[in-house]
Amino acid sequence: MSFEEKIRCGVLDISDISKLSKIDHNLPISITNTSQVLDRSAEIKSLLGDVVKHSNQNYATAVTKAKTDRLAWRKDKVLRAMRPRMSADRYTDICKALAKLDGTDLNEVVTRLEMRWA
């Protein structure tokens, strides 16, 4: 039995270790149980999608802003939803009014606006 045949059959003696450098690494690998072969394309696609999303500067900035100042992030989100439906003067008046509010009042107003506009 040749060295390659011993490798294919899974029979390799310790005395044959000196020949290990001559192993052909391109030998065909046979899979005995093909039901264990899984299609991992969906997992790979999801992983790549996450990498692309998290490396996007706009996404990273939004996530950081949402984590550091949750109230400001909520306010900005509501204002972005309101802006297309309002006149410029009305939107400016609302922004000025929100800027004058303190933390507790601002939280209450943003919560009410979220219920209406989000």
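What share of the contacts in the protein with a separation of 6 or more comes from residues 24 or more positions apart? The share is 38%, where contact means heavy atoms within 4.5 Å.

1. Basis of the note. This is a predicted model, in which local features need pLDDT of at least 70, side-chain atom pairs count only at pLDDT 80 or more, and totals for chains, interfaces and linings use all residues. Residues are numbered from 1 along each chain as its sequence is written, and side-chain values use heavy atoms, with hydrogens and water left out.

2. Overall make-up. The protein has six helices and zero strands, and its pattern along the sequence reads α-α-α-α-α-α. Helices (H or I, at least four residues) and strands (E, at least two) are DSSP runs, numbered from the N terminus. Of the 118 residues, 15% count as buried; buried is under 20% relative accessible area, exposed over 50%, and partly exposed in between, with a 1.4 Å probe and protein chains only.

3. Helices α3 and α4. The axes of α3 (residues 57-68) and α4 come within 5 Å and cross at roughly 125°. Axes are lines fitted to C-alpha atoms, for helices over the stretch in contact, and angles run from 0 to 180 degrees between N-to-C directions. The two helices are therefore oblique to each other (under 35 degrees is roughly parallel, over 145 roughly antiparallel, 65 to 115 roughly perpendicular, and the rest oblique). On the α3 side, A62, K65, A66 and T68 meet R70, W73 and D76 of α4. By class, this contact has three nonpolar, one polar and three charged residues; Ala, Val, Leu, Ile, Met, Phe, Trp, Tyr, Cys and Pro count as nonpolar, Asp, Glu, Lys and Arg as charged, and the others, Gly among them, as polar.

4. Helices α4 and α5. Helix α4 (residues 70-82) packs with α5 (residues 88-100) at an angle of about 165°, the axes lying 11 Å apart. The pair is therefore roughly antiparallel. The crossing of α4 past α5 is right-handed; a crossing is left-handed if the near helix is turned anticlockwise from the far one by less than a right angle, and right-handed if clockwise. K75, L79 and M82 in α4 meet Y91, I94, C95 and L98 in α5. That contact has six nonpolar, no polar and one charged residues.

5. Helices α4 and α6. Here the packing angle is about 40°, and the axes of α4 and α6 (residues 103-117) are 10 Å apart. That makes α4 oblique to α6. Their crossing is left-handed. From α4, L71, R74, K75, V78, A81 and M82 take part, meeting residues of α6 that include G103, L106, V110 and W117. By class there are eight nonpolar, three polar and three charged residues in the contact of α4 with α6.

6. Residue R74. R74 sits in helix α4 and counts as buried because its relative accessibility is 15%. Its side chain makes a polar contact with the side chain of T111 at 3.0 Å. A polar contact is a pair of N or O atoms within 3.5 Å; within protein, one must be able to donate a hydrogen and the other to accept it, and residues adjacent in sequence count only if both atoms are side-chain atoms. Leaving aside neighbours within four places in sequence, R74 is in contact with N107, V110, T111 and E114.
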